[in-house]
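Me: I would like to go through this model with you, one question at a time, looking at its surface, its charged pairs and its aromatic rings.

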Amino acid sequence: MSTPDQDVVTPLLDKDGVRLTVDDALATVTLTSPAKRNAQSPAMWRALAEAGRLLPGSVRVVVLRGEGKSFSAGLDRQMFTPEGIEGEPSFIDLARSSDGELDAAIAEFQEGFTWWRRNDIVSIAAVQGHAIGAGFQLALACDVRVVADDVQFAMRETSLGLVPDLTGTHPLVSLVGYGRAAEICLTGRFVAAEEAVSSGLASLSVPVEELDGAVRDLAAAVLAAPRDAVIETKALLRGAADRTYDEQRAAERAAQARRLRDLAGVGE
């Protein structure tokens, strides 16, 4: 998959399997290890967190994509070996650390997954092929998922004796409900494109060759709306689950008052 001008725009970041390019209001974060099916490592997670910190204020939409046939096949299996990945703590090293050290390490890993839901941006994951474990959770970190018809989501952590810990459980339950989320996580089964769309995991499924165009069209539609209205609407939607019906009504009134005053040039 490719995005407009990605080959001619100088990257703001290009390391550890992550490339960030910015074209005015549109940013693209690309996983760049197709030979390893974009398998993830702590270095990649740090690079993803850095990409979020490097986003210019002009960016309104961020597209997340993976090079090659798979979006991301999950954790680099070398992390499961006794020696681990060179320069990184192995799972055995992490297990032997103190509770505080282990908590801090996992919190650092999660930072690459948390910034995608910021109210000032809209994040779109373009997902093809395998999106397994950490790959599934990275797609879930985004606001919207557009999938190719060959997509295969799976949450394999429980099958490996672990739990999903890269921020994916909250959005998964929010999207598909507790029962289906439990069944997906506890069985580790694959979720294909048709089910992804029907269950709410994905907004749209298209043939692989049309994924680029579908994502471009969606990004253009978001960019066509006034930025402040998009930010206010996203904030309303993100907070809705934690508010009562009446609290949400009040939040809508307050947000609309701000928008009307801004459009009319009237100070509060």
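Me: Is alanine 229 buried, partly exposed or exposed?
Reply: This is a predicted model, and in it alanine 229 has a relative accessible area of 26%. Its place is in helix α9. Because buried means under 20% and exposed means over 50%, alanine 229 counts as partly exposed.

Me: Is lysine 234 buried or exposed?
Reply: The relative accessibility of lysine 234 is 9%. Since the cut-off for a buried residue is under 20% relative accessible area, lysine 234 counts as buried.

Me: Which helices are linked by the salt bridge between glutamate 195 and arginine 180?
Reply: In this salt bridge the closest N and O atoms of glutamate 195 and arginine 180 are 3.4 Å apart. The two residues are 15 residues apart, and the pair links distant parts of the chain, namely helix α7 (residues 193-199), which holds glutamate 195, and helix α6 (residues 178-187), which holds arginine 180. Glutamate 195 counts as partly exposed at 21% relative accessibility, and arginine 180 counts as partly exposed at 34%. The helices linked are therefore α7 and α6.

Me: What separates arginine 249 and aspartate 246 along helix α10?
Reply: Arginine 249 and aspartate 246 form a salt bridge whose closest N and O atoms are 3.1 Å apart. Arginine 249 is partly exposed with a relative accessible area of 39%, and aspartate 246 is partly exposed with 48%. Because the two are 3 residues apart in helix α10 (residues 245-264), what separates them is about one helical turn.

Me: How many aromatic pairs does the structure hold, and what is the geometry of the one formed by tryptophan 45 and phenylalanine 109?
Reply: The structure holds 5 aromatic pairs. Tryptophan 45 and phenylalanine 109 form one with 4.9 Å centre to centre and 55° between the planes. This pair links distant parts of the chain, with tryptophan 45 in helix α1 (residues 42-54) and phenylalanine 109 in helix α3 (residues 99-114), 64 residues apart. Both residues are buried, and the geometry of the pair is tilted.

Me: Are the rings of tryptophan 115 and tryptophan 116 stacked or edge-to-face?
Reply: Both tryptophan 115 and tryptophan 116 are buried. Their ring centres are 3.9 Å apart and their planes stand at 25°. Because planes under 30 degrees apart count as stacked, the pair is stacked.

Me: Which residues make the nonpolar surface patch of about 230 Å²?
Reply: One of its members is phenylalanine 80, whose place is in the loop between β4 (61-66) and α2 (91-96). At 32% relative accessibility, phenylalanine 80 counts as partly exposed. The patch is made by Phe80, Leu160 and Leu162.

Me: Which residues form the negative surface patch?
Reply: One of them is aspartate 150, in the loop between β7 (144-148) and β8 (152-154). Aspartate 150 counts as partly exposed, its relative accessibility being 32%. The negative patch is formed by Asp149, Asp150, Glu209 and Glu210.

How values were computed
Residues are numbered from 1 along each chain as its sequence is written. This is a predicted model: local features need pLDDT of at least 70, side-chain atom pairs count only at pLDDT 80 or more; totals for chains, interfaces and linings use all residues. Side-chain values use heavy atoms; hydrogens and water are left out. Patches are made of residues with over 30% relative accessible area and no salt bridge: like charges are joined within 9 Å, nonpolar side chains (Val, Leu, Ile, Met, Phe, Trp, Tyr) within 5 Å. Accessible areas come from the Shrake-Rupley method with a 1.4 Å probe; for residues, only the protein chains shown count as cover. A salt bridge is a side-chain nitrogen of Lys or Arg within 4 Å of a carboxyl oxygen of Asp or Glu. Lys and Arg count as positive and Asp and Glu as negative; His and the chain ends are not counted. The place of a charge is taken as NZ of Lys, CZ of Arg, CG of Asp or CD of Glu. Helices (H or I, at least four residues) and strands (E, at least two) are DSSP runs, numbered from the N terminus. Buried means under 20% relative accessible area, exposed over 50%, partly exposed in between (1.4 Å probe, protein chains only). Rings of Phe, Tyr and Trp (its six-membered ring) pair if their centres lie within 6.5 Å; planes under 30 degrees apart count as stacked, over 60 as edge-to-face and the rest as tilted.
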